[in-house]
Amino acid sequence: MSGTETVTPSRPAPAAATGPAPRTGRRRGPTGTRAPYLFLTPSLVLFGVFSLFPIVAAVLMSTQQGAVLGQTEYVGGDNYQRMVDDPLFWTALRNTLVFTAATVPLSMVIGLLLALMLNRPMPGRALLRTVFFTPMVVSGVGVGMVMAWIFNGDYGVLNNALATAGLPRGEWLTSPDMGMVTVVLAVLWTRVGFCMVLYLAALQSIPHSLLEAASLDGAGAWQRFRHVVVPQLSPTTFFLLVVNVVFSLQAFDLLYVLTGGGPGFATTVLIQYIYRSAFANGEMGYASALGVVSTLLLITFTLLRWYLGRNDEDNR
Amino acid sequence: MVPVHGSTAPPARATRPPSRTGRPGPTRRGLLRAAAGGATAALLGAGCSAGGGDRDHITWAIGLDPVGGPHFQRIAREFMDRNPGVTIELTPVPNGDLNAWLVTRLAADRAPDIVNMGVSAVGRYTTNGGTVDIGDQLPDGFLDDYQPSLRALVEKDGGVFGIPQETNCAATYYRTDILRRIGVEPRNDLERAWTAEEIREIAVEAKRVTGAYGLSWGYINESSGNRWLPVLYMFGGSLFREDGRTPAIGDPEGIEALEWTRRLYADELIPASNTVKASQEDTAFSLFTTGQVGLMIHESQFRSLKDVIPDEDWSVDHLFRERGAATNLSGSVNVVTRSSRNPELAAEFLAFASTPERILARVRDSGAIAPYTGVTARDVGYAYRPDLVQRFIDQLSTVPPQMAREQAGPDYQAIRQLLGDFLDLMFIGSASARETADAIAEGLRNVRN
């Protein structure tokens, strides 16, 4: 499309000009102004009780020392200071970021590829969609236990298959270098189906006319994908990005069952460190401080992505 | 007054447009009202259903034990039959979630009246006021026949904070076929049990025979590092000095115990899939039953071996020893929580549920060990291999008193986690025995101070 040509879409005239006159005579009394708030109230109440209050309580608890049962003591910012000096916190934070950086883009890219594949006519398409999505609805604990059997170094299915094929056995769960790789593989299996389903829905909502117009303009398959499909998928991508980051920052059950944070601390992530600080060590104050940092991390990421996304929108 | 029913009732809202089914469709207001009513009912229901409620109603949280569950249900039914008007509600709680579940319930004062918990968890709750003293409700001398190590867990400041239900400890399983090929005879004598060096030599030979490994260890998850502690104590070491605050694991005996264990992994006598964190519930057993190891250090849970490998292919000997003998202590305890609205009735029920007849019936079914002193396997009447259970019963006398005292402390779960962390690092070859001792010692100082 030439940059010099100005295309002014023919907009329908404002309804007020041709349609019936607005019901300006209707009195917008207190009921009219209250209605939005009334509709918001249930959500606000639920948010306040189940999200805001726990967050505020966690912030308060993070300034205390002691168990949830028994005596507590106000310690100000000591828990945060301790966090800075705690090497295990930094290990857990690094592992969390590595885990997130690996699982989020991979699950989205693989999910998109699967969606593109299943968006075209092919035999067994409905079955494949179900097969890919099923892991998403299986409990993390169940997946963890099955994966532990698959990846076990000595009697696991995978190593036996490799040995049968004459290939060397892998130290999937026993080597600090491979531990995170194994965990990422296990999580991808559960998550690509979710990304696939959402991308599939988004792909099917792209108007054919857009793709046809691009074809008429001479766009090849890659150009159609790059300049038509990808921008149209942008809202879904943004949603998946945020949701997947949340999933990754909160990943707990599968990792807990599969590796217990090991080998050593190779797969200990922040949420697992919070859990053990709270319930194994009984340090609710410290666990709350870790939780506050985790929440801030999530909020920072979401705001950053929102800000960058807004700039993209402005530039488009 | 006109009865409003059947065809005589006028339509509720004659002016409302009918839905596609012909019936009046729901209004927005009606839906909102229904939703609000439902939410209120749900909240009220949630509030009333959890925790100790009526004075004649007892809630009892038990683990997901396939044998214990039906046994506890039977006892609850018997008690309700004898006490009309009293109801007992059993709540299964997955073992792995007990702490998270119970701590939050206690904090909200919504915990069940009675909780069946592992012995390693009791110390925390008796110390932080999560459980109540039921000593006054128990007959005099109720705990006199119990194992001293178990009494130490529940008796505190002259009070009784729970009733042990069963116990267990570790011994040495061996494959008879493999030992025959090695030419080693089991000792079957607690005083003359294999030494640590001898068990290592047998493991080396077993590895040669199996072509894989020599020994598996009963670690089950990242919190099971305490299952290594018998090694520390049999080498003459301990976690703390007598003052209970100064770590002693860095003493020569502790280093020796750590180094002995480290070499088992370094020489691949124990597989890397059997470290503290890599292990699952059945890892040690799977290695044993598949013939990848000739020896296994584990508790008395061998009912799971029945029908898996022939009885004549395996047996149990006492745990190896070094300067002294030692084993670990596990089992379960029933406690009355501070949330209980009727602790007297709960304690009465606990005493009823914990008569020797009922406890012996339970361990007979589960294969665990009775919590009493002087009770033999013959007294209990185990149906499956009672001679082997007797070895575990004999072994139980070697639980180090100092270890049992540590286990009764408020911070034992944190210590278990600590051991799991740093033993795992050593087992995978990322730390030496000295570095491991130093790391654990620092952790112990933080825990106690």
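Predicted model: local features only at pLDDT ≥ 70, side-chain atom pairs only at ≥ 80, totals over all residues.
**View 1. Chain A in outline.** Chain A has 316 residues, and 31% of them count as buried. Its secondary structure comes to 14 helices and 2 strands. Take the contacts in chain A with a separation of 6 or more: residues 24 or more positions apart account for 66% of them.

**View 2. A:Phe47 in helix 2 of chain A.** Helix 2 of chain A covers residues 30-61, and A:Phe47 lies in this helix. Is A:Phe47 buried or exposed? A:Phe47 has 12 C-beta neighbours inside 10 Å, so this residue counts as exposed. Now find A:Thr295. A:Phe47 and A:Thr295 are 248 residues apart in sequence. In space, their C-alpha atoms are 15 Å apart.

**View 3. Chain B in outline.** Chain B has 449 residues, of which 47% count as buried. It holds 17 helices and 11 strands. Among contacts in chain B with a separation of 6 or more, 76% join residues 24 or more positions apart.

**View 4. An open sheet in chain B.** Four strands of chain B make up this open sheet. Their order is 8-9-7-10, and the pairing is mixed. Which strands stand at the edges? They are strand 8 (215-217) and strand 10 (314-317) of chain B. Each has a single partner strand, so one side of each is left without a neighbour in the sheet. From one strand to the next, the twist averages 30°.

View 5. Strand 7 (residues 170-175) and strand 9 (residues 295-299) of chain B run antiparallel. How many bridges join strand 7 to strand 9? There are 5 bridges. In this pair, B:Ala171 stands opposite B:His298 of strand 9. Helix 14 (residues 386-395) of chain B packs on the sheet. This helix touches strand 7 and strand 10 of chain B. Its direction makes about 20° with that of strand 10.

**View 6. Strand 6 of chain B and its partner, strand 11.** Strand 6 of chain B spans residues 163-168 and is mostly covered. Of its 6 residues, 6 are buried. Strand 6 pairs with strand 11 (residues 330-336) of chain B in the antiparallel sense, over 5 bridges. Look for B:Asn168: its bridge partner in strand 11 is B:Ser330. Strands of a sheet pair through backbone hydrogen bonds, either parallel or antiparallel.

Methods:
Residues numbered from 1 in each chain as written. Chains lettered and ligands numbered in written order. Buried ≥ 20, exposed ≤ 12 C-beta atoms within 10 Å, placed from the backbone. Pairing = 2+ DSSP bridges. Contact = placed C-beta atoms within 7 Å. Axes fitted to C-alpha atoms, helices over the stretch in contact; angles between N-to-C directions.
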